[in-house]
Amino acid sequence: MKGVGLFLALFLIAVAPPILNAEKGDDDVPFTWKGTEYINQRAFIDSGRRCATIEPDDIKKAAIEREVQAYMSQMRTAVSGGNVKVYFHVIRKGTSISQGNIPQSWIGAQISILNAAYANAGWSFTLASTTRTTNSTWFKAGPGSSAERNMKNTLHRGTADDLNIYTNSPGNSVLGWSTMPWDYRYNPKDDGVVVLYSSLPGGNAYPYNLGDTATHEVGHWFGLYHTFEGGCSSADKVGDTPAERSPAFGCPTGRDTCSTSGKDPIWDFMDYSDDACMNRFTNGQNNRIDAQFTTYRYGK
């Protein structure tokens with residue numbers, strides 16, 4: 001019987017799937033993204049394509065915090081939640097889904113995902129309109145490009161408290177990016193979020209195809225930083241998000257890269273975890289959203 005037990009144990013070990021190293025990734029498991037193969041998913045994350053939003057340096061961050069505190073001391077109370085009108089712009093190079101012409105059902109599903117993600121913060125989203133533009137140059141528009149400027153200058157609608165979302169297939173295989181709320185006063189037309197069209201619910205950009213690329217980028221639009229910003233010094237300006245040394249990928253339960261502040265917030269929408277792993281914002285992030293919106297967007 002001992003021989004049978006040993007054989008069974010060896011058999012189970014042989015057929016069991018490999019356990020991935022949640023921190024370093026598995027060098028034996030390549031990760032393919034939009035036709036480009038990386039040695040693993042960590043290499044994709046390190047390439048900077050997960051999110052191309054530009055966050056300010058420490059000096060700018062400090063100035064922003066002072067400005068918000070001064071404004072809020074005058075206002076005394078922040079706007080606590082509300083409804084955001086969404087102007088949705090579908091950029092396509094043809095009439096098929098693979099050419100960016102996503103169905104209206106995907107857009108409706110994306111609005112539902114945003115409503116679920118921000119419900120605890122008191123924020124909701126209503127689709128105001130959908131535009132569809134066939135333009136092969138805009139379809140490949142990347143962050144900071146002349147194509148992005150032309151696209152937004154032509155299509156942008158609403159004011160500072162309205163959200164413009166653009167879907168396309170950005171250059172360099174980027175998943176998405178956003179402007180920050182304090183930038184609106186300098187360039188109103190630039191304001192908004194751009195996401196890869198296949199990251200919407202129904203798309204094939206696995207494991208980023210459940211709609212939380214938009215959730216993440218809208219977080220930036222509201223004024224949130226990445227949870228890993230500043231590494232273990234926790235420079236995301238939110239007290240209740242545990243610090244983490246680097247962005248997470250996959251869903252590495254129990255990951256703890258900054259041992260003094262609690263387990264890494266892999267479940268937070270502002271980390272880089274897979275969509276299926278993300279499910280919440282913290283109370284501190286919700287409060288920051290309210291203060292940032294009040295200072296830079298409400299009634300502007």
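Five strands form an open sheet in the order 4-3-5-7-6, with mixed pairing; two strands count as paired if DSSP finds at least two bridges between them. Helices (H or I, at least four residues) and strands (E, at least two) are DSSP runs numbered from the N terminus. The model is a predicted one, in which local features need pLDDT of at least 70 and side-chain atom pairs count only at pLDDT 80 or more, while totals for chains, interfaces and linings use all residues. Residues are numbered from 1 along each chain as its sequence is written, and side-chain values use heavy atoms, with hydrogens and water left out.

The edges of the sheet are strand 4 (123–134) and strand 6 (176–178), each of which pairs on one side only. From one strand to the next, the twist averages 20°. Strands of a sheet pair through backbone hydrogen bonds, either parallel or antiparallel. Here strand 3 (residues 82–92) pairs with strand 4 in the parallel sense over 11 bridges. Along this pairing, Lys85 stands opposite Thr126 in strand 4, and Ile91 stands opposite Thr133 in strand 4. Strand 3 is largely enclosed by the rest of the structure, because 8 of its 11 residues are buried. The term buried means under 20% relative accessible area, exposed means over 50%, and partly exposed lies in between (1.4 Å probe, protein chains only).

Helix 4 (residues 104–118) lies across strand 3, strand 4 and strand 5 (163–168), and runs at about 155° to strand 4. Helix 6 (residues 146–155) lies across strand 3, strand 4, strand 5, strand 6 and strand 7 (193–196), running at about 135° to strand 5. For such angles, axes are lines fitted to C-alpha atoms, for helices over the stretch in contact, and the values run from 0 to 180 degrees between N-to-C directions. Contact means heavy atoms within 4.5 Å.

The interior comes next. In soluble globular proteins, nonpolar side chains tend to be buried together. A nonpolar core is a set of buried Ala, Val, Leu, Ile, Met, Phe, Trp, Tyr and Cys residues joined through side-chain atoms within 4.5 Å. The largest such core has 57 residues, of which Trp33, Tyr118, Trp123, Phe125, Leu163, Val218 and Phe222 touch the most other members. Helix 4 supplies the largest share of this core, 6 residues. A second, separate core of 8 residues includes Val68, Met72, Tyr225 and Ala291. Leaving out residues up to four places away in sequence, Tyr118 touches Trp123, Phe125, Thr215, Val218, Gly219, Phe222, Phe281 and Ile289.

Helix 7 (residues 212–222) is largely enclosed by the rest of the structure, since 11 of its 11 residues are buried. Among them are His216, Glu217 and His220. Trp221, also in helix 7, is buried with a relative accessible area of 0%. The C-alpha atom of Trp221 is separated by 9.2 Å from that of Trp177, although the two residues are 44 residues apart along the chain. Helix 7 is followed by Gly223, whose phi is positive, near 110°.

A polar atom of the Thr53 side chain lies 2.9 Å from the backbone nitrogen of Ser178. The side chains of Thr53 and Glu217 are joined by a polar contact of 2.8 Å. A polar contact is a pair of N or O atoms within 3.5 Å; within protein, one must be able to donate a hydrogen and the other to accept it, and residues adjacent in sequence count only if both atoms are side-chain atoms. Beyond its neighbours within four places in sequence, Thr53 is in contact with Gly176, Trp177, Ser178, Met180, Glu217 and His220.

Helix 3 also meets helix 8 (residues 283–296): their axes come within 9 Å and cross at roughly 80°. Helix 3 is therefore roughly perpendicular to helix 8, a description that applies to angles of 65 to 115 degrees. The residues of helix 3 that meet helix 8 include Val68 and Met72, and their counterparts in helix 8 include Ala291.

Finally, some backbone details lie in loops. The peptide bond from Tyr206 to Pro207 is cis, with omega near 5°, and Pro207 lies in the loop between strand 7 and helix 7. Asn172, in the loop between strand 5 and strand 6, has a positive phi near 60° and is exposed, with a relative accessible area of 59%.

Methods
Parallel < 35°, antiparallel > 145°, perpendicular 65-115°, else oblique.
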